[in-house]
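Dear colleague,

Please open the model first, and then read on.

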Amino acid sequence: MQSFPGRCHCGNVALVYETAVAPAETEVRACACGFCRRHGALAVSDPEGRLRITVADPKRLIRYRFALGTADFLICADCGVYAAAVVAEESAAWALVNVNLLDARAAFTSPPLVMDYDREDEAARIRRRKAKWTPLAA
Ligand SMILES: [Zn+2]
């Protein structure tokens, strides 16, 4: 596994993305939803990897929900950076990271795939996230 640290602009949200997939081989996804387009977000994840998110001051973290409301989109309330999205169940959680936060973002060179998940219902959406997103370390 390789570790890829990253943080929001002010540092309130820090994370480490761990994966055995080389950055240049990693699928980079540009979700076409209105939220991701407005942020210019580029998502990466690895179901065999691990993501650790550390929030210095949880009071300065926004957990934004929209559309089906099945995931928390983590936004730093101080600097406004969209860091990651998390879908959680009682005993497990999965997340994707916005590659723009990673120190090594320039190494993730795959051309972004434009993803349109509009037609998914809630069950399909949760199923896809569990299959493709990165297990979140507790
Ligand atoms: Zn911040």
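**What was found**

Leaving out residues up to four places away in sequence, R37 touches C31 and A32, where contact stands for heavy atoms within 4.5 Å. Please keep in mind that this is a predicted model, in which local features need a pLDDT of at least 70 and side-chain atom pairs count only at pLDDT 80 or more, while totals for chains, interfaces and linings use all residues. Residues are numbered from 1 along each chain as its sequence is written, and side-chain values use heavy atoms, with hydrogens and water left out.

To return to R37, its place is in helix 1, which covers residues 34-39 (helices are DSSP runs of H or I with at least four residues, strands runs of E with at least two, numbered from the N terminus). R37 counts as exposed because its relative accessibility is 56% (exposed is over 50%, buried under 20%, partly exposed in between, with a 1.4 Å probe and protein chains only).

**The zinc site**

Which residues donate to the zinc ion? The protein donors are the SG atoms of C8, C10, C76 and C79, and they lie 2.2 to 2.4 Å from the ion (donors are N, O and S atoms within 2.8 Å of the metal, or 3.2 Å for Na, K and Ca; water is not among the atoms, so sites may look incomplete). The arrangement is tetrahedral because the four donor atoms subtend angles of 99 to 120 degrees around the zinc ion, the condition being that all angles lie between 85 and 135 degrees. Along the sequence, the donor residues follow the spacing C-x1-C-x65-C-x2-C. At 41% relative accessibility C10 counts as partly exposed, whereas C76 counts as buried, at 1%.

**The nonpolar cores and the rings**

The largest nonpolar core has 21 residues, and those touching the most other members are L15, Y17, V44, V97, L102 and F108 (a core joins buried Ala, Val, Leu, Ile, Met, Phe, Trp, Tyr and Cys residues through side-chain atoms within 4.5 Å). Two or more residues of this core come from each of strand 2 (13-19), strand 7 (72-76), strand 8 (82-88) and strand 9 (93-98). Apart from this core lies another, of 16 residues, and I75, L96, M115 and W133 are among them. If residues up to four places away in sequence are not counted, V44 is in touch with Y17, T26, E27, V28, R29, L96, V97, V99 and F108.

The structure also holds nine aromatic pairs. One of them joins F73 and Y82 and is tilted, with 5.8 Å from centre to centre and 40 degrees between the planes (rings of Phe, Tyr and Trp, the last with its six-membered ring, pair if their centres lie within 6.5 Å; planes under 30 degrees apart are stacked, over 60 edge-to-face, and the rest tilted). Both F73 and Y82 are buried, and together with F35, Y64 and F66 they form one aromatic cluster.

**Loops and a strand residue**

L101 lies in the loop between strand 9 and strand 10 (113-115), and it counts as buried because its relative accessibility is 5%. Beyond its neighbours within four places in sequence, L101 is in contact with G6, R7, C8, L15, V81, Y82 and A83. L101 and A84 are 17 residues apart in sequence, and their C-alpha atoms are 9.1 Å apart in space.

E89 is found in the loop between strand 8 and strand 9, where it is partly exposed, with a relative accessible area of 41%. The contacts of E89, again without residues up to four places away, are W94 and K130. A88 is found in strand 8 and counts as exposed, at 57% relative accessibility. Between A88 and L136 there are 8.9 Å from C-alpha to C-alpha, although they are 48 residues apart in sequence.

Lastly, please look at A67, which has a positive phi of about 50 degrees although it is not a glycine. Most residues other than glycine have a negative phi. A67 lies in the loop between strand 6 (61-64) and strand 7, and it is exposed, with a relative accessible area of 68%.

With kind regards

Terms used
Four donors count as tetrahedral if all angles lie between 85 and 135 degrees; four count as square planar and six as octahedral if opposite donors are over 155 degrees apart and all others between 65 and 115; anything else is irregular.
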